[in-house]
Amino acid sequence: MNQTDIDLQIAVPPHTRYLSLIGNIAELLVHEIKEYAGDLDLLGYHLNLVLTEAMANVIQHAALSEQDNTLRVHIHIEGDQLCIRVYDQGAGFDLKEVQSPDFETLDECGRGIFVIRQLMDSVDYHKCADGNVLEMHRKLAPAGH
Amino acid sequence: MHITTEQRHEKTLLSLQEERLDAHNSGELKEYLQRLLENGTHELIVDLSAVHFIDSSGLGALLSGYKNANLRQGSLILTGLQPRVQSMFELTRLHRVFDIYPDLEAALNHAKAGELA
């Protein structure tokens, strides 16, 4: 890892009271990025939103194992590549089955994954060693581009 | 969830005194709106000027109140959206659904026009 790269792993109890804390950490963290041509405040807000949606999804829908009752988040920034991973130990779901919301029928739920997809370049959900991981990537525009 | 309410021109003005509206407090807002509407308060103005962050569950709570008010021949209109909150409504296309007014005066003028109609 380069000295300017960022790697942060956080584990908190699976409770919605931690959403603002983790979201705010992400907003602060982006200011550690040394070379970024875009609006850092806007990037921080987007990460706050993406993390809030992803973590709330785990808390509300995915069970966590009794042995490891924590919500784990991993934020990794290497060069111009940003990756966020949110882990769960639930039964999992098929991300491809999650359609965009129907904008005509005013459903109260079902916009979380849509918001994440709008703000990140790629979103993937797959099995990992101890459950499942929602993996989200975004390319950061380097300074001077 | 801290909400203040007051009567303005036959309408009930709800001011949300929270910086964030997310999955931690959106359920409370949904229930609060539900209770008001069930108790006969059908004309609501929701002032979001203190709210600087909203997620999809926050939008869902407001949408629930909006649909519930419409079912009762009432209305739920919004005012005071901060730029980030406004952007979330636009991202999810919900700015086309809600009546959104830039400030309280404009929302109250709408309310008065509704009374005269």
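Guide: A salt bridge is a side-chain nitrogen of Lys or Arg within 4 Å of a carboxyl oxygen of Asp or Glu. This is a predicted model, in which local features need pLDDT of at least 70 and side-chain atom pairs count only at pLDDT 80 or more, while totals for chains, interfaces and linings use all residues. Residues are numbered from 1 along each chain as its sequence is written, chains are lettered from A and ligands numbered from 1 in the order in which they are written, and side-chain values use heavy atoms, with hydrogens and water left out.

Visitor: Which residue of chain B meets Glu108(A) in a salt bridge?

Guide: Between chain B and chain A the count is 3 salt bridges. One of the side-chain pairs meeting in a salt bridge has an N to O distance of 3.0 Å, and there the partner of Glu108(A) is Lys30(B).

Visitor: Which element gives the most to the side of chain B that touches chain A?

Guide: Chain B and chain A share 10 residue pairs in polar contact, both residues at pLDDT 80 or more (N or O atoms within 3.5 Å; within protein, one able to donate a hydrogen and the other to accept it, and residues adjacent in sequence counting only if both atoms are side-chain atoms). On chain B, strand S5 (53-54), helix H2 (56-71) and helix H3 (83-91) each give two or more residues to the side touching chain A. With 6 residues, the element that gives the most is H2(B).

Visitor: What share of the area that chain B buries against chain A comes from Arg20(B), Arg84(B) and Leu91(B)?

Guide: Contact here means heavy atoms within 4.5 Å, and 22 residues of chain B are in contact with 25 residues of chain A. The area buried between the two chains is about 2000 Å², with 62% from carbon and sulfur atoms (accessible area, 1.4 Å probe, lost on putting the parts together, summed over both). Arg20(B), Arg84(B) and Leu91(B) supply more of chain B's part than any other three residues, at 27%.

Visitor: Is His76(A) buried or exposed?

Guide: His76(A) is placed in strand S2 (residues 71-78) of chain A. Its side chain makes polar contacts with the side chains of Asp7(A) at 2.5 Å and Glu78(A) at 2.8 Å. Since buried means under 20% relative accessible area, exposed over 50% and partly exposed in between (1.4 Å probe, protein chains only), His76(A), at 17%, is buried.

Methods
Helix = DSSP H or I, 4+ residues; strand = E, 2+ residues; numbered from the N terminus.
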